Amino acid sequence: MIDITERDRLAIKTTISQQLQAFEQGNAMQAFSFASPSIQLQFQTPDRFMHMVRRAYPSVYQARSVIFEDLGMIDHHLAQAVLILGQDGTLSRALYLMQQQLDHMWRINGCLLLPIHDPESVE
């Protein structure tokens, strides 16, 4: 694992929190600014990015509650785990793939959304 300081951990949480706040406010430009350059290149405009998030990540787009979990590694990528309660009551674990830029700022380089199933609902 790469050497991560407490300052890095705080910066990563702040980046994710600010993007979630931008989604909640419908601020596409600000939400897009927290994405890595490769994500920005992929979607090209803040509006396209916001449309994708609304469609593919509704619980992230309008999270009702967020709890930060551990920082870890996935396939050589630094990943911040976040429990997210969506507006519809669905609980998910979002794995934010983080990328440090040349200016030392942390940006989001992808998000994997894993549903969490209620063990009592399994038949």
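Biologist: Why is glutamine 25 called exposed?

Modeller: In this predicted model, glutamine 25, a residue of helix H1, has a relative accessible area of 52%, and exposed begins over 50%, so glutamine 25 counts as exposed. Between the C-alpha atoms of glutamine 25 and tyrosine 61 there are 9.6 Å in space, although 36 residues separate the two in sequence.

Biologist: What makes glutamine 19 buried?

Modeller: Glutamine 19 also belongs to helix H1, and its relative accessible area is 3%; since buried means under 20%, glutamine 19 is therefore classed as buried. Setting aside residues up to four places away in sequence, glutamine 19 touches Ala31, Phe34, Ala35, Phe49, Tyr96 and Ile108, and a contact of this kind requires heavy atoms within 4.5 Å.

Biologist: Why is the aromatic pair of phenylalanine 23 and tyrosine 61 called tilted?

Modeller: The ring centres of phenylalanine 23 and tyrosine 61 are 6.1 Å apart, and centres within 6.5 Å are what a pair requires. The angle between the planes is 50°; because planes under 30 degrees apart count as stacked and over 60 as edge-to-face, with the rest tilted, this pair is tilted.

Biologist: How do you know that this pair ties together parts that are apart in sequence?

Modeller: Phenylalanine 23 is in helix H1 (residues 6-25), whereas tyrosine 61 is in helix H5 (residues 58-61), so the pair ties together parts 38 residues apart in sequence. Both phenylalanine 23 and tyrosine 61 are buried. The structure holds four aromatic pairs, and ring pairs link Phe23, Phe32, Phe43, Phe49 and Tyr61 into a cluster.

Biologist: How do you know that valine 53 counts as buried?

Modeller: Valine 53, placed in helix H4, has a relative accessibility of 4%, and the limit for buried is under 20%, so valine 53 counts as buried. Beyond its neighbours within four places in sequence, valine 53 is in contact with Phe23, Pro58 and Tyr61.

Biologist: What lines the largest pocket, by class?

Modeller: The lining has 12 nonpolar residues, three polar ones and no charged ones, around a space of about 210 Å³. Of the 15 lining residues, the closest to the centre of the largest pocket are Phe49, Met52, Tyr57, Gly110 and Cys111. Two or more lining residues come from each of H1, helix H3 (37-43), helix H4 (46-56) and strand E4 (106-115).

Biologist: What makes the phi of glutamine 44 stand out?

Modeller: Most residues other than glycine have a negative phi. Glutamine 44 is not a glycine, yet its phi is positive, at about 70°. Glutamine 44 lies in the loop between H3 and H4, and at 54% relative accessibility, against a limit of over 50%, glutamine 44 counts as exposed.

Biologist: Where is histidine 104 found, and why is histidine 104 called exposed?

Modeller: Histidine 104 sits in the loop between strand E3 (91-100) and E4. Its relative accessible area is 58%, and exposed means over 50%, so histidine 104 is exposed. Histidine 104 has a positive phi of about 75° although it is not a glycine.

Biologist: Why does glycine 72 count as partly exposed?

Modeller: The relative accessibility of glycine 72 is 22%; because buried means under 20% and exposed over 50%, with partly exposed in between, glycine 72 counts as partly exposed. Glycine 72 lies in strand E1 (residues 63-74) and touches His77, Leu78 and Ala79, not counting residues up to four places away in sequence.

Biologist: How do you know that the radius of gyration of the protein agrees with a compact globule?

Modeller: A compact globule with 123 residues would have a radius of gyration near 14 Å, and the protein has 14 Å, so the two agree. Along the principal axes, the C-alpha trace spans about 50 × 35 × 20 Å, and 40% of the 123 residues count as buried. The protein has five helices and four strands, which follow the pattern α-α-α-α-α-β-β-β-β along the sequence. Among contacts between residues at least 6 apart in sequence, 42% join residues at least 24 apart.

Definitions and conventions:
Residues numbered from 1 in each chain as written. Predicted model: local features only at pLDDT ≥ 70, side-chain atom pairs only at ≥ 80, totals over all residues. Heavy atoms only, no water. Phe/Tyr/Trp six-rings, centres within 6.5 Å; stacked < 30°, edge-to-face > 60°. Buried < 20%, exposed > 50% of the residue type's maximum accessible area, 1.4 Å probe, protein only. 1 Å grid on protein atoms, 1.4 Å probe; cavity = no way out; pocket = protein on both sides within 12 Å on 5 of 7 lines; lining within 4 Å. Points joined across faces, edges and corners; volume = space filled by probe spheres on them. Nonpolar A, V, L, I, M, F, W, Y, C, P; charged D, E, K, R; others polar. Rg over C-alpha atoms; globule rule 2.2 N^0.38 Å.
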